[in-house]
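Have the structure open while you read.

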Amino acid sequence: MAEDLQAMALAATASSKAQQDPDYPSYHLAPPVGRLNDPNGLLVDGETYHAFFQFTPSHPARKLVYWGHATSTDLLTWQHHEPAIAPDSPYDANGAYSGTALVLDDTETDGAPEHARYQLFYTGNLKDPETDERTASQCLVTSPDLQHFHKFAANPLIPSHAPGYTAHYRDPQVFRDPNRPGEYRMLVGAQRVNETGGAVFYRSRDLVYWDFEGELSFPDAGGAMDHLGYMWECPNLVQLTDEVTGQEWDVLIFCPQGITPQGEGYENIFPCVYTVGVLDGLTLRECDGSFYEVDRGFEFYAPQVFARRPSEPGPTLLMGWAGNASEDDQPSVDSGGWVHTMTVPRVLSLRDGRLVQRPAVSTGWEAVGSGSAPAGAELHADWQAVPKLSGSRHWQLALRTAAGERPSWGMRIGANNCHVDVVVDGDVLTVDRSTSRYSQHGARRVVTLPAGAGTQVEVLHDASVTELYFGDGALAFTLRTFSQHGATGVRLRSETSQRLATLQVVRRD
């Protein structure tokens with residue numbers, strides 16, 4: 001008798017004590033039990049946001065990867081549902097791996113598989129039990145209502161990798177071709193047989209039969225993208241408008257595994273980067289070979305953009321995994337039986353050709369009351385508590401220093417003996433979590449900020465995960481902040497009597 005994997009996942013969730021763990025976040029999406037990693041199938045449906053994600057409910061005992069499912073109407077409160085995809089088919093028996101969603105308009109559903117409005121594409125992972133040889137296939141799940149999910153009877157849509165590539169071939173993004181109405185394209189992360197990374201395209205008219213088009217190329221990059229890492233994971237193409245020039249650009253966000261760490265940059269196990277150009281068939285033109293990290297923090301990987309139906313446009317939202325490979329040794333595994341979170345959704349834009357990310361949950365700001373370093377107050381060498389946040393584990397804070405002054409300030413999250421320090425000195429950011437309960441994969445990082453970005457920061461802290469946004473979204477920094485188990489709060493200081501222009505907070509407890 002076949003094992004009921006759905007029942008196993010539901011039983012693990014029902015017995016979970018994760019949400020009683022003091023480290024469990026309030027407004028960041030975290031697993032109901034077990035392990036969470038890549039966001040999958042992110043989509044907007046009317047007033048509801050759906051986040052599917054890589055979910056291992058029996059972690060660490062069993063490494064069976066499902067698609068978990070959660071919804072929100074405010075991007076702050078997430079409700080978990082039954083897993084949408086279980087690895088219970090011959091083509092995904094070793095995991096239902098990452099992918100994306102397509103939300104169809106009424107005019108598109110007639111020709112869609114099973115006439116379903118929601119199409120979820122993913123990679124089925126299968127390993128030979130004797131040889132450990134991998135087979136990666138691209139598969140489809142349909143849903144009429146985002147409550148019932150059906151694996152397509154003709155799966156897999158693409159049963160194997162194309163010639164010239166290895167079985168490291170995954171993470172499909174499916175999108176409409178803006179230049180050929182009625183046609184769809186699929187972008188897949190790949191590894192060439194010479195063990196270098198790339199991405200390939202497929203094309204379809206009906207979302208079922210897919211023709212291989214070829215590899216994405218960069219004719220203006222001078223070869224800079226030809227040997228970038230040994231595998232590209234989680235490619236996403238998104239079109240953004242530059243806030244300064246008004247020009248539209250195609251932005252490729254991807255995760256090239258195997259980049260050599262530099263003195264500053266690409267220090268994580270695997271990085272996530274973006275590059276900007278103009279998509280023309282199989283080429284990304286006007287891309288000069290420059291690429292940049294999406295997030296400079298210790299934990300960030302595999303981000304994805306929310307899909308929308310054409311009749312319901314809205315801001316471009318991105319959510320990422322606040323984690324990375326081989327980082328499952330976090331305190332929450334022992335204390336609550338769960339590990340990893342997502343970032344909050346971010347609104348994407350471009351500014352002079354560089355990616356801008358602003359948290360989509362920056363609502364409900366209120367000025368700090370009397371005695372909490374109001375506008376015009378000075379920070380001194382002694383740590384000054386923000387009273388409104390004393391005893392709070394879940395909060396947001398926005399700080400701006402006085403105009404014309406060189407930024408020089410520090411922020412301490414946690415107690416004196418167990419904390420994370422964030423220090424800005426001019427255009428240099430230093431984040432030090434060496435005294436916290438988690439620093440195995442990076443204790444201290446120094447980052448050069450964009451010019452002037454240190455005068456403005458927005459901080460989202462949520463029990464054990466923190467996101468920093470500098471210079472109105474010019475640089476993002478995500479990290480896990482396991483300070484003391486109790487309430488954390490925040491304190492500020494400066495060696496140079498730094499004056500504050502504004503300090504605003506919202507408490508999320």
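1. Six strands each give at least two residues to its lining: β5 (96-103), β9 (165-176), β10 (184-192), β13 (231-241), β15 (273-280) and β18 (301-305). Keep in mind that this is a predicted model.

2. How many residues line this pocket, and which lie nearest its centre? The count is 39, and the ones nearest the centre are F175, R176, L237, V238 and Q239. The volume of the largest pocket comes to about 1100 Å³.

3. Now the second largest pocket, with about 820 Å³ of space. Its lining is made up of 28 residues, and R35, N37, V65, Y97 and E233 are the ones nearest the centre. Two or more lining residues come from each of β1 (34-45), β2 (48-56), β5, β6 (118-127), β9 and β13. If you go back to the largest pocket, you'll find β5, β9 and β13 on its list of contributing strands too.

4. The lining of the second largest pocket splits into 11 polar, 9 charged and 8 nonpolar residues.

5. β9 deserves a look of its own. Is this strand mostly covered or mostly open? Mostly covered: 10 of its 12 residues are buried. β9 pairs with β10 through 7 bridges, and the two run antiparallel. If you want a spot to check on screen, take Y165, whose bridge partner in β10 is R192.

6. Next, a sheet to trace by eye. Four strands make an open sheet, in the order β18-β19-β21-β22, with antiparallel pairing. β18 and β22 (354-359) are the edge strands; each has a single partner, so one side of each has no neighbour in the sheet. On average, neighbouring strands here are turned by 40° against each other, ignoring direction. Note that β18 is also one of the strands supplying at least two residues to the lining of the largest pocket.

7. Inside that sheet, how many bridges join β19 to β21? There are 2, between β19 (residues 317-321) and β21 (residues 346-351), and these strands run antiparallel. For a landmark, find L318, which sits opposite R346 in β21.

Definitions and conventions. Residues numbered from 1 in each chain as written. Predicted model: local features only at pLDDT ≥ 70, side-chain atom pairs only at ≥ 80, totals over all residues. Heavy atoms only, no water. 1 Å grid on protein atoms, 1.4 Å probe; cavity = no way out; pocket = protein on both sides within 12 Å on 5 of 7 lines; lining within 4 Å. Points joined across faces, edges and corners; volume = space filled by probe spheres on them. Nonpolar A, V, L, I, M, F, W, Y, C, P; charged D, E, K, R; others polar. Pairing = 2+ DSSP bridges. Axes fitted to C-alpha atoms, helices over the stretch in contact; angles between N-to-C directions. Buried < 20%, exposed > 50% of the residue type's maximum accessible area, 1.4 Å probe, protein only.
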